[in-house]
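Open the model in your viewer and keep the sequence beside it. This tour goes from one selection to the next and says what is there.

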Amino acid sequence: MAKVTGFLEHDRAESKSIAPKSRLRNFDEFVLPFPEKTLNEQASRCMDCGIPYCHDSCPINNIIPEWNNLVYEKDWKVALDVLHSTNNFPEFTSRICPAPCEAACTLNIDDSPVTIKSIERSIIDKAYENGWILPVINNKKTNKKIAVVGSGPAGLACSQQLARAGHDVKLFEKNDRIGGLLRYGIPNFKMEKHLIDNRIEQMKLEGVSFECNVKIGEDISMNRLLKDFDAIVLACGSEQPRDLKIPGRDLKGIHFAMDFLTRQNKICEGDKIKIEPEFSAKNKNVIVIGGGDTGSDCIGTSNRQGAKSVTQLEILEKPPAKENKMLTWPNWPLKLRTSSSHEEGANRNWSVSTKLFNGQKNVESLTLKKVEWKKNEEGQMVIKDSQGKESEVELKADLVLLAMGFVHPIKDKLVKDSGIKLDKRGNVEANDIDYKTNIKKVFVSGDMRRGQSLVVWAIKEGRQVAHNVDKFLMGTTKLPF
């Protein structure tokens, strides 16, 4: 236990950030690191509970109490080893994970959980500052060749684990840079991309080779991969966005969120591209349809581009400001969450359904209908349009961004021509025990298998599929599951 009385002596301290007016001038990260004294105090608050709900609620099962204690004792290098024992990329998770571990913390019963996410970030940032992130090279090669398709967190974690097991790993990416949605879906103000580049350099030294601008199924056939490699891991993500097929959808100025975010991220990467006027939020009334993280990313990006106004629409009811702890803890609670992008400026409308896009050539406004959620005879919650003239609302709009999530992997030539089996939801069918598809020596992991999910789940599945591939090729494995 870090300090027996730590949680009694110190209150939870939130990480400080650069003020919104200042941070909106650029796309840089804006969360400030804890001072050394504050960090030590926050780590001391960990109670080392008899049942570590934080550990159980973390998809990758981070050994949180242990590295909290090590940070309190200022044993940073061992804390890094413990953190890396379950998580290949804590610099990603500590920035973009919603932290179910903190929701499950015993101290969250009193709304003051340990600042687990900030402590994790402090460990990995200090490791980079001190040059502790070194390649783990296995000189005992197996001469087994593995192809990994997709370079998001699942593909990266899988590749790193297999390379460390001594295999020859080649990772294929359809885009011009490695990282998947980490690269082009997550704005720089949430996670700067040099963090991905650092890991790529480490993985190259560990034996992973990377090939960008390669579409499997088009540039290289699946049959070619099956002939050239001993095993194949598909980690292509879930990239088919949910559309809103209502009258006026063909008007200019209505775009999927990822098309909007990717253009800005490419500019942040240094690409000399100009955002087409219809994709720019500058001096426009922006409407974001969808209340999740991607919608929040669109808000932050729109404000940095100089939007006139930003409004976010959500079809669900407004959640309560505070959850009933006795009913929800230690599970992830449904409650109102305000992101840093919301704090920077946005209107939020709840319980509304978009019925029409209005305009001539370009979108000019949206017609909305207030909705109600009620239980049917079977006790299920169903949606119904509210009645009366006051239930219909019209909002001015110059740019509409569809951020309603992703439904399944893109059904490109890789999926269509390979004969790979899909489940009822349109994801590649495989269980979470061996991750095998219906095609011999082809495995799948991450969002391509489980559907749209969190970066921590992608890393978890990347590590687990690597365990199974190594076992499939060698008969046994020392890789963790």
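Is Glu-211 buried, partly exposed or exposed? Glu-211 is partly exposed, with a relative accessible area of 28%. Here buried means under 20% relative accessible area, exposed over 50%, and partly exposed in between, with a 1.4 Å probe and protein chains only.

Before going on, note that this is a predicted model, in which local features need pLDDT of at least 70 and side-chain atom pairs count only at pLDDT 80 or more, while totals for chains, interfaces and linings use all residues. Residues are numbered from 1 along each chain as its sequence is written, and side-chain values use heavy atoms, with hydrogens and water left out.

**Stop 1: salt bridges**

A salt bridge is a side-chain nitrogen of Lys or Arg within 4 Å of a carboxyl oxygen of Asp or Glu. Helices (H or I, at least four residues) and strands (E, at least two) are DSSP runs, numbered from the N terminus. Lys-170 is partly exposed, at 25% relative accessibility.

Next, select Lys-325 and Glu-323. Their side chains meet in a salt bridge of 3.0 Å, N to O. Lys-325 counts as buried at 7% relative accessibility, and Glu-323 is buried with a relative accessible area of 7%.

Then select a network linked by salt bridges: Asp-176, Arg-177, Arg-183, Asp-197, Lys-266, Glu-269 and Asp-271. The count for the structure comes to 37 salt bridges.

**Stop 2: the nonpolar cores**

In soluble globular proteins, nonpolar side chains tend to be buried together. A nonpolar core is a set of buried Ala, Val, Leu, Ile, Met, Phe, Trp, Tyr and Cys residues joined through side-chain atoms within 4.5 Å.

Select Phe-92, Leu-156, Leu-162, Met-191, Phe-210 and Val-469, which have the most contacts inside the largest nonpolar core, a set of 38 residues. Elements that give two or more residues to this core include α7 (90-96), α10 (153-164), β3 (208-211) and α20 (455-474). The largest share, 7 residues, comes from α20.

Now centre on Leu-156. Leaving aside neighbours within four places in sequence, Leu-156 is in contact (heavy atoms within 4.5 Å) with Phe-89, Phe-92, Ser-151, Leu-171, Ile-178, Met-203 and Phe-210. Apart from this core lies another, of 25 residues, among them Val-82, Ala-99, Cys-101 and Ile-124.

**Stop 3: helix α9**

Select residues 116-129, which make up helix α9. The expected span of a helix is 1.5 Å times one less than its number of residues. For the 14 residues of α9 this gives 20 Å, which agrees with the 20 Å between its end C-alpha atoms. The helix is mostly covered, with 11 of its 14 residues buried. Among them are Ile-116, Glu-120, Arg-121, Ile-124 and Lys-126. Just after α9, Gly-131 takes a positive phi of about 70 degrees.

**Stop 4: the cysteines**

How many disulfides does the structure hold? The structure holds 0 disulfides, a disulfide being a pair of cysteine sulfur atoms within 2.5 Å. Select Cys-105 and Cys-49: the sulfur of Cys-105 is 6.3 Å from that of Cys-49, its closest cysteine sulfur, too far for a bond. Cys-105 counts as buried, at 9% relative accessibility. Finally, select Cys-236, whose nearest cysteine sulfur, that of Cys-158, is 12 Å away. Cys-236 is partly exposed, with a relative accessible area of 27%.
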